[in-house]
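Trainee: Can we go through this one together? I'd like to talk about helix packing and aromatic pairs.

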Amino acid sequence: MIIRKTEEQIEEMAAAGDLHARCIAMLRSKIAPGVTTAELDEAAERFIVSGGGVPTFKGYRGFPASICTSPNSLVVHGIPGPYELKEGDVISIDVGVTLDGWIADGAFTAPVGEVEPETARLLEVTHQALRDAVGRVEPGNHVGDISNQVQTTVESAGFSIIKSLVGHGIGRSMHEEPQIPNYGPAGKGPEIEPGMVFAIEPMVNEGGPGVYIADDGWSVFSEDGSMAAHFEYTVAATEEGPRILTPWDEE
Ligand code: MG
């Protein structure tokens, strides 16, 4: 069952999303060679808690940190630690914020200094795929329209969708129905109705589509070691169209 939220509840989710977006703006300002992923994690936790929120990921199924930090060929779910960012890296950061019981989920991938041109294009295309997919969050469309839009933008640019990782409904729980794959036919899946809230999150490899999970049980790496990107918003479907609740790139 897809849980629809009232307008009032969407406002409450937007408050969580505002704290989320400000946390990401703070993190973006810290990304530089020499910074460790543990330092980013500590800064995020302090920021979220001082804003009255709870870092959603901490303890989720035993996850040991407040955010996921995934450099280079690490696609998602990287555990913060002693890794030091260096010039030419990309770093994907996924943040979850719970505020007054409502969850906001969102992610971005940033370059560390100057990156290879093809990697810069990977980031641009994956971010654009997310923005294009948000445009499909209209009452009367289907969840498959979101999926198909991500696939179309990514594959027409020559990059690879990771098919084993999907977006999801979100609300009081981080993962609600429906699942939102980043590929598939348009016009299929549940019909989108006002009040539905989705975490849309294209996960894309520069090289082939394969991934594997490391021995830590969390870290998902691209199989061929190619760079990966992950961009995510929490988005509400409203009568007036899509509303991004985690507008981290507008800060
Ligand atoms: Mg998510």
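Mentor: We'll take the helices, then the rings.

Mentor: This is a predicted model, where local features need pLDDT of at least 70, side-chain atom pairs count only at pLDDT 80 or more, and totals for chains, interfaces and linings use all residues. Residues are numbered from 1 along each chain as its sequence is written, and side-chain values use heavy atoms, with hydrogens and water left out.

Trainee: At what angle do α1 and α2 cross?

Mentor: Roughly 150°, with the axes coming within 10 Å. Helix α1 covers residues 7–30 and α2 covers residues 37–50. Helices here are DSSP runs of H or I, at least four residues, and strands are runs of E, at least two, numbered from the N terminus. Axes are lines fitted to C-alpha atoms, for helices over the stretch in contact, and angles run from 0 to 180 degrees between N-to-C directions.

Trainee: Parallel or antiparallel?

Mentor: α1 and α2 are therefore roughly antiparallel. Angles over 145 degrees get that label; under 35 is roughly parallel, 65 to 115 roughly perpendicular, and the rest oblique.

Trainee: Which residues of α1 and α2 meet?

Mentor: From α1, Leu19, Arg22, Cys23, Met26, Leu27 and Lys30; from α2, Leu40, Ala43, Ala44, Phe47 and Ile48. Contact means heavy atoms within 4.5 Å. The α1 and α2 contact residues divide into nine nonpolar, no polar and two charged. Ala, Val, Leu, Ile, Met, Phe, Trp, Tyr, Cys and Pro count as nonpolar, Asp, Glu, Lys and Arg as charged, and the others, Gly among them, as polar.

Trainee: And how do α3 and α4 cross?

Mentor: At roughly 150°, with the axes within 8 Å. α3 is residues 117–134 and α4 is residues 143–156. Val125, Gln128, Ala129, Asp132 and Ala133 in α3 touch Ile146, Gln149, Val150, Thr153 and Val154 in α4. That contact of α3 with α4 has six nonpolar, three polar and one charged.

Trainee: Switching to rings. How many aromatic pairs?

Mentor: Five aromatic pairs. Rings of Phe, Tyr and Trp (its six-membered ring) pair if their centres lie within 6.5 Å; planes under 30 degrees apart count as stacked, over 60 as edge-to-face and the rest as tilted. Phenylalanine 63 and tryptophan 218 form an edge-to-face pair, 5.0 Å centre to centre with 85° between the planes.

Trainee: How many residues apart are they?

Mentor: Phenylalanine 63 and tryptophan 218 are 155 residues apart.

Trainee: Which residues form the aromatic cluster?

Mentor: Phe108, Phe231, Tyr233 and Trp248 form one aromatic cluster.
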